2 protein chains.
Amino acid sequence: MSMRILTLALACLLPVLVSADEAAPAPTTAEVLAQAKPEEWQRIADDKLLVMRVGGSQILIELAADFAPAHVANLQALARGHYFDGLAIMRVQENYVVQWGDPAEDEGKRRSLGAASGKLPAEFDRAWGELPFARLPDPDAYAAQTGFSRGFPVGRDAAGERGWLLHCYAMLGAGRGDAADSSNASELYVVIGHSPRHLDRNITLLGRVIEGLDALTVLPRGTGPLGFYEKPEQHVAIDSIRLASELPAAERPRRERLSTESASFARLIEARRFRRESWFVHPVGHVEVCNVPLPVRAVTD
Amino acid sequence: MSMRILTLALACLLPVLVSADEAAPAPTTAEVLAQAKPEEWQRIADDKLLVMRVGGSQILIELAADFAPAHVANLQALARGHYFDGLAIMRVQENYVVQWGDPAEDEGKRRSLGAASGKLPAEFDRAWGELPFARLPDPDAYAAQTGFSRGFPVGRDAAGERGWLLHCYAMLGAGRGDAADSSNASELYVVIGHSPRHLDRNITLLGRVIEGLDALTVLPRGTGPLGFYEKPEQHVAIDSIRLASELPAAERPRRERLSTESASFARLIEARRFRRESWFVHPVGHVEVCNVPLPVRAVTD
């Protein structure tokens with residue numbers, strides 16, 4: 001216990017010590033990205049890239065198989081079976097979430113999950129094991145440790161033994177009922193407000209919107225409880241959700257992201273902690289995990 | 001210096017100690033609000049309540065005269081002079097801000113500020129003095145102390161000597177150029193994404209949207225740099241911005257908020273830190289300042 005307290009205390013003091021060093025040179029975000037080496041950008045695998053089409057817009061989602069393997073596999077099966085095509089966005093709650101699934105309230109009328117499973121284990125956290133961890137030095141209100149792993153924002157306990165994805169803006173979650181294991185990825189939500197971190201470890205996160213989220217954030221807010229649309233005619237139709245790997249090569253989006261394990265990403269964190277852009281009067285000296293950008297770009301080749 | 005370190009360390013340890021007490025009973029948010037006494041609700045003064053009308057929607061903003069007295073006085077003068085009527089929203093940046101002002105780029109064509117001043121001091125922070133402070137026990141990435149004062153989220157230095165408003169979702173700020181003192185409240189922005197706390201103490205905040213923000217968050221994102229609209233015809237016209245005190249009594253919105261100095265608000269904080277709603281599997285044990293709701297309701301009398 002005393003060891004744990006010491007670790008926490010040091011984590012809390014670190015930013016104070018570091019911010020005394022504010023005069024040290026740090027690059028700007030633009031400089032870091034311009035200087036990143038080609039090999040520091042990682043191609044997002046086609047079978048981990050979900051392509052959602054709504055009203056002519058394209059939303060791209062990276063799946064987090066390291067953190068929610070059963071939910072990701074089920075979502076891949078649902079996408080392969082074209083499960084979501086013609087289903088609907090039913091909930092848009094201001095400063096919270098956009099949520100979609102099967103609007104049929106009657107159990108008997110609900111669409112078949114096809115090859116996907118109706119019952120999955122909750123995947124709220126995992127044993128950390130051998131996953132990489134790019135740790136942030138600044139304190140966090142919710143988790144003993146925060147940082148990034150393989151492109152996603154993560155939290156860990158003080159011992160670093162268990163870890164979990166964080167409810168940052170743009171994260172994708174699997175809606176559930178009161179039972180912890182009642183999600184199966186057939187009902188999904190994306191965070192569109194100040195990060196509701198109290199949901200961490202209470203519901204399974206399984207991915208992140210990496211492009212096109214504005215097609216969802218501009219949708220009218222629902223006027224029913226929890227932001228649900230009150231009338232079926234208000235539902236927003238989903239044209240399709242596909243894995244990039246299932247699309248014809250000519251239609252397949254190809255994206256890469258800056259590796260969160262790279263030296264450039266470590267520099268990016270420092271660029272966000274100490275703002276060198278001339279506009280900043282106070283260089284900040286800190287950063288919170290959901291305020292670190294995760295750069296993504298189209299593959300050029 | 002050693003005293004300062006001790007204070008920080010204690011602040012960081014507190015949540016660990018408190019979360020060991022997870023079995024203690026705490027109310028839910030709904031219970032707190034149902035039990036709040038009438039005198040714990042505070043009427044928002046008519047001359048501190050800004051009424052913005054855009055496309056038939058009404059957005060209500062409470063002004064923070066305790067933290068930005070010069071900017072609030074100037075904004076009051078601008079509203080009294082109907083300065084904003086017919087001006088425009090020119091910038092909507094995804095996961096960041098909505099911003100409005102005078103779209104005329106040519107200095108000579110810009111609208112007169114009337115009785116308002118063109119030049120104000122920067123009001124990034126203030127000596128804390130006698131202001132009340134409802135402090136949160138959980139650590140924060142950016143500020144040594146966080147909490148609430150007279151209805152607004154605030155941060156303070158470790159000594160509690162200086163304090164400032166925080167860039168939480170829905171906060172209203174005064175746009176500025178590179179010079180720290182180049183804002184005068186004629187160009188305004190509202191936060192519509194994950195709270196960009198790196199802006200704290202870099203720009204003057206002067207209020208908070210307390211109702212109707214969804215009329216702004218659904219606006220199309222600008223496709224130019226920083227989310228500016230690229231064409232004048234994309235600008236969203238502002239019908240009017242008025243002080244409630246200037247409106248005819250029959251049109252005047254009347255709102256009250258739960259006092260952040262009340263016992264019920266202290267209970268609300270605990271209700272958000274320890275989630276008792278049956279849905280929660282993990283009761284959280286912490287809360288971050290921008291995730292504490294600031295309840296507002298229509299005055300019923």
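## Exercises on a two-chain predicted model

B:Leu226 lies in the loop between H4 and strand E14 (236-237) of chain B; helices (H or I, at least four residues) and strands (E, at least two) are DSSP runs, numbered from the N terminus. This is a predicted model, in which local features need pLDDT of at least 70, side-chain atom pairs count only at pLDDT 80 or more, and totals for chains, interfaces and linings use all residues. Residues are numbered from 1 along each chain as its sequence is written, chains are lettered from A and ligands numbered from 1 in the order in which they are written, and side-chain values use heavy atoms, with hydrogens and water left out.

**Exercise 1.** Describe the backbone and the accessibility of B:Leu226.

Step 1. Phi of B:Leu226 is positive, about 60°, although the residue is not a glycine.
Step 2. B:Leu226 has 52% relative accessibility, so it counts as exposed (buried is under 20% relative accessible area, exposed over 50%, partly exposed in between; 1.4 Å probe, protein chains only).

**Exercise 2.** Characterise the interface between chain B and chain A.

Step 1. Contact (heavy atoms within 4.5 Å) joins 49 residues of chain B to 49 residues of chain A.
Step 2. The two chains bury about 4400 Å² between them, 61% of it on carbon and sulfur atoms; buried area is the accessible area (1.4 Å probe) that two parts lose on being put together, summed over both.
Step 3. On the chain B side, B:Tyr142, B:His194 and B:Trp279 lose the most area to chain A, together 17% of what that side buries.
Step 4. Zero salt bridges are counted between the chains (a side-chain nitrogen of Lys or Arg within 4 Å of a carboxyl oxygen of Asp or Glu).
Step 5. Helix H1 (2-19) and helix H4 (214-217) of chain B each supply at least two residues of the side that touches chain A. The largest share, five residues, comes from H1(B).
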